[in-house]
Amino acid sequence: MVFSALSLSPLPCPRLRYHPRTRPSAAQFSVRCSGSVSPTIQSKSALFDLKTYWTTLIGEINQKLEEAIAVQYPQQIYEAMRYSVLAKGAKRAPPVMCVAACELLGGSRVAAFPTACALEMVHAASLIHDDLPCMDDDPSRRGQPSNHTVYGIDMAILAGDALFPLGFRHIVSHTPPDLVPEHRILRVIAEIARAVGSTGMAAGQFLDLEGGPESFRFAQEKKFGEMAECSAVCGGLIAGAEDEEIQRLRRYGKAVGVLYQVVDDILEEKRKERGVTEPEKNKAKRGKSYVQVYGIEKALEVAEELRAKAKRELDGFEKYGDTVIPLYSFVDYAADRGFIFGGESSS
Amino acid sequence: MRYSLLAGGKRVCPIFCIAACELVGGTLPVAMPSACALEMIHTMSLIHDDLPCMDDGDLRRGKPTNHKVYGEAVAVLAGDALLALAFEHIAAETKGVNPSQIVRPIRELGRSIGAEGIVAGQVADICSEGMSNISLKELEFIHLHKTACLLEASVVLGAIMGGGTNEEIEKLRSFARSTGLLFQVMDDILDVTKSSLELGKTTGKDVLAHKVTYPKLLGVEKSREFATCVEVGSIRKCFHL
């Protein structure tokens, strides 16, 4: 059985607290066999308490986001921005992936937090615009009504327009220059801008709306893989990763991002079969799904291929030892959804 | 993206940027990526401003507005993509300058076009529609943020890229603010005195949308007088540069 059934309570598992360390020295490496590190990491990952790691990070990121979007005149725009960014149902996958990638390479989360927050702002902005009536026309998001249904289409467009530059500004104004040299900050800016723009998510959204079946896979990679790819890469850049490491993180991120969406589509199909879908969401969503295009069997195959691909990329970080475990666990979480968050919703 | 960006336009923001850069001793090549980025931002704000849910414009820079040709969805995405490209362009294409001189403009631009800048002006503008008791101060807020902000960002970016001192940057900022206000007052006057054909963009929208403008608050004649005052102030600031 590839995927666990949709469960409403966390799977029982022994809790092994994970404490991120500075770059491990050779002496700290555990003894392992001369083959691939994967079997050892695999077993450690199975014991790793991803839920606690993730929810702890969510708490820290939420606080920083709250401070970053303090209400001032004119209040309406800040309220609209906060409504979407601080939504309770948000899982904060982009910021958490950024921090995990940074810590994988021995970087500090203090250095990564401003970029992590910026990723969430930019992610929220793209979701606000995606949900607009002229785009996906989604009436709900993160377990609450979409931004435009509460604040109006004009305010929703402006909230997105304000969140993009706020993200860039936040990185520059809050990243400690003693921890991250300015030329790396510029690379982070360029990376996020690229991911959001005409060769990234904007392209994906466009093709999702107006492209034909031949562009489906490309559109999905752009629409869903891009943010995860960007998050992993930014974490690596903050930590000072080598170019080859950046490329690995890029491929890892893209695979996990798309995997997450494929599994979302499969779970949606299973919910439909059991008659437990939200009809309002079904009617409104205009985009295509993996299951619609390929059928459920092929979608399951694609998911397994992506799981294997993401983990293969992480094999290249062998020398960093256990710091790879959170990123490794994400892959299995994306595929199996071993637990849910309070107020779980997509994105 | 190209349709709107390359439709012509006066290129005021890029020119201000380059002029400010050269004024403080910098060179055109150093300022060019920022100059282009500013035009991308300006274009993006026009595309979104013209959307049906916003100002609902049919004509811009002498041609049908972006959403009229490409549809609303593409117009929204084109605006978003231009905004992103602007930041990418500055970060990746600026050469011959310290990274610290590129990071500061990014921060400045981020502040100028977001909820403390252009968007603040747009929101205040929307919220003032149909209201009869908007003060001159609130109107000035709208214009300083909606229009002057980007001009301010233009000269500040140019001055930073050109290696200007903090004092020079602040003087340029003050100059650009009053010049931006002047632009907008004149824009308001032209909106009620000229036709769409003459201006190349939809006119008469302000009245239809019950927007508060200088002519509405002061009348056309007093607005012209106010514009002259602002112009004089601007010229004075120019001589102090």
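Biologist: Where does A:Gln144 lie?

Modeller: A:Gln144 lies in strand 2 of chain A, residues 144-145. Strands are DSSP runs of E of at least two residues, helices are runs of H or I of at least four, and both are numbered from the N terminus. This is a predicted model, in which local features need pLDDT of at least 70 and side-chain atom pairs count only at pLDDT 80 or more, while totals for chains, interfaces and linings use all residues. Residues are numbered from 1 along each chain as its sequence is written, chains are lettered from A and ligands numbered from 1 in the order in which they are written, and side-chain values use heavy atoms, with hydrogens and water left out.

Biologist: Why is A:Gln144 called buried?

Modeller: Buried means under 20% relative accessible area, exposed means over 50%, and partly exposed is in between (1.4 Å probe, protein chains only). A:Gln144 has 19% relative accessibility, so A:Gln144 counts as buried. Contact means heavy atoms within 4.5 Å; not counting residues up to four places away in sequence, A:Gln144 touches A:Tyr83, A:Ala87 and A:Pro139.

Biologist: What makes A:Arg142 stand out in phi?

Modeller: A:Arg142 is not a glycine, although its phi is positive, about 55°. A:Arg142 sits in the loop between strand 1 (140-141) and strand 2 of chain A. With a relative accessible area of 5%, A:Arg142 is buried.

Biologist: How do you know that the span of helix 2 of chain A agrees with its number of residues?

Modeller: The expected span is 1.5 Å times one less than the number of residues. For the 19 residues of helix 2 (residues 50-68) of chain A that gives 27 Å, and the end C-alpha atoms are 27 Å apart, so the two agree. Buried residues of helix 2 of chain A include A:Trp54, A:Leu57, A:Ile58 and A:Ile61. Among the elements that cover the buried residues of helix 2 of chain A are helix 4 (93-104) and helix 5 (109-130) of chain A.

Biologist: What makes A:Arg109 and A:Glu60 a salt bridge?

Modeller: The rule asks for a side-chain nitrogen of Lys or Arg within 4 Å of a carboxyl oxygen of Asp or Glu. The closest N and O atoms of A:Arg109 and A:Glu60 are 3.1 Å apart, and the pair forms a salt bridge. A:Arg109 is in helix 5 of chain A and A:Glu60 in helix 2 of chain A, so the pair ties together parts 49 residues apart in sequence. A:Arg109, at 18% relative accessibility, counts as buried, whereas A:Glu60, at 29%, counts as partly exposed.

Biologist: Which residues are linked with A:Glu191 in a network of salt bridges?

Modeller: The network includes A:Arg194, A:Glu221, A:Arg250 and A:Lys254. A:Glu191 and A:Arg250 form a salt bridge, with their closest N and O atoms 2.9 Å apart. A:Glu191 counts as buried at 7% relative accessibility, and A:Arg250 is buried with a relative accessible area of 17%.

Biologist: How many salt bridges does the rule find across the interface of chain A and chain B?

Modeller: The rule finds one salt bridge there. B:Glu116 forms a salt bridge with A:Arg169, the closest N and O atoms being 3.2 Å apart.

Biologist: How much area do chain A and chain B bury between them?

Modeller: Buried area is the accessible area (1.4 Å probe) that two parts lose on being put together, summed over both. Chain A and chain B bury about 3400 Å², with 79% of it on carbon and sulfur atoms. A:Leu158, A:Arg169 and A:Leu186 supply 18% of the area that chain A buries against chain B, more than any other three residues.
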